[in-house]
Amino acid sequence: MKKSGYGILIRKMEKEDLDAILFVTRRAWGRYTLYQLLEEKHGHIWKKSAQERKVSDIKNFCEMRLGKVIVAEISGKVVGYATYGVNRADGIGEVLNNAVDPEYQGRGIGTAMNEWIINRFNVLKLRIARVSTLEHDKPAQRVYEKQGFKELTRTIHYSMEL
């Protein structure tokens, strides 16, 4: 556990946190998922909305990889979460998802969660930390760049109707 500014507590996820994580997911991701961009361009595609697909992905990750999820808590309320992965063989750690309830954004919560994860990577003696984000997700880019991440490359996602 780690206390940060604004009374933020960063800790590992517990099973009881899942509903709060899914609540944050519904509020935080918006246009920052490929699912949403595809849906905006091509209309409703899946049996679930783009938002519910993201929620389903996060739920599955949390249930299968509980030890790779952290939460940010203020006054006992989960206001954000982050997921990560570790490849010890290659010495690479990856920040996967980082979301903060919009009501609590701008308080350094995303930064604090990334710091927790980077510290974990250091404890594991990993050599490289990586993260990916969409080009239009400027808030995430600011967080990562502020922490010392440097852009490596850009990926272009294409779609077409058949």
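Author: A term is needed at the outset: contact means heavy atoms within 4.5 Å. The model under discussion is a predicted one.

Reader: Which residues does Asn97 touch, not counting residues up to four places away in sequence?

Author: Asn97 is part of strand β5, which covers residues 92-100. Its relative accessible area is 13%, and buried means under 20%, so Asn97 is buried. Leaving aside residues up to four places away in sequence, the residues touched by Asn97 are Trp29, Lys54, Ile58, Tyr81, Ala82 and Thr83.

Reader: How far apart in space are Asn97 and Gly85, C-alpha to C-alpha?

Author: Along the sequence, Asn97 and Gly85 are twelve residues apart. In space, the distance from C-alpha to C-alpha is 10.0 Å.

Reader: In what order do the elements of the protein run from the N terminus on?

Author: The protein contains five helices and six strands. Read from the N terminus on, these elements follow the order β-β-α-α-α-β-β-β-α-β-α.

Reader: What radius of gyration does the protein have, and why does it agree with a compact globule?

Author: The C-alpha atoms fill a box of roughly 50 × 35 × 30 Å along the principal axes. A compact globule of 162 residues would have a radius of gyration near 15 Å, and the protein agrees with this because its own value is 16 Å.

Reader: What share of the contacts with a separation of 6 or more comes from residues 24 or more positions apart?

Author: Of the 162 residues in the protein, 41% are buried. Among contacts with a separation of 6 or more, residues 24 or more positions apart account for 61%.

Reader: What percentage of the accessible surface belongs to carbon and sulfur atoms?

Author: The accessible surface of the protein comes to about 10000 Å². The part that belongs to carbon and sulfur atoms is 51%.

Reader: How far apart do the centres of the positive and negative side chains lie?

Author: The protein carries 28 positive and 20 negative side chains. The distance between the centres of these two sets is 5 Å.

Reader: Which residues of α4 are buried?

Author: Buried residues are those under 20% relative accessible area. In α4 they are Ile109, Gly110, Thr111, Ala112, Met113, Asn114, Trp116, Ile117 and Phe121.

Reader: What is the phi of Ser75?

Author: Ser75 is located in the loop between β3 (69-74) and β4 (77-87). Its relative accessibility is 76%, so Ser75 counts as exposed. Its phi is positive in a residue other than glycine, with a value near 50°.

Reader: Which residues does Glu135 touch, not counting residues up to four places away in sequence?

Author: Glu135 belongs to the loop between β6 (128-131) and α5. With 54% relative accessibility, Glu135 counts as exposed. Its C-alpha atom is separated by 18 Å from that of Lys54, 81 residues apart along the chain. Not counting residues up to four places away in sequence, Glu135 touches Gln141 and Arg154.

Reader: Is Glu40 buried, partly exposed or exposed?

Author: Glu40 sits in helix α2, residues 34-42. Its C-alpha atom and that of Val95, 55 residues apart along the chain, are separated by 26 Å. Because its relative accessibility is 41%, Glu40 counts as partly exposed.

Reader: How far apart in space are Ile156 and Gly7, C-alpha to C-alpha?

Author: Ile156 is found in the segment after α5 (138-146). A relative accessible area of 60% makes Ile156 exposed. Ile156 and Gly7 are 149 residues apart in sequence, and their C-alpha to C-alpha distance in space is 39 Å.

Key:
Residues numbered from 1 in each chain as written. Predicted model: local features only at pLDDT ≥ 70, side-chain atom pairs only at ≥ 80, totals over all residues. Heavy atoms only, no water. Helix = DSSP H or I, 4+ residues; strand = E, 2+ residues; numbered from the N terminus. Rg over C-alpha atoms; globule rule 2.2 N^0.38 Å. Buried < 20%, exposed > 50% of the residue type's maximum accessible area, 1.4 Å probe, protein only. Areas by Shrake-Rupley, 256 points an atom, 1.4 Å probe, with all protein chains shown as cover. Lys, Arg positive; Asp, Glu negative; His and termini not counted. Charge placed at Lys NZ, Arg CZ, Asp CG, Glu CD.
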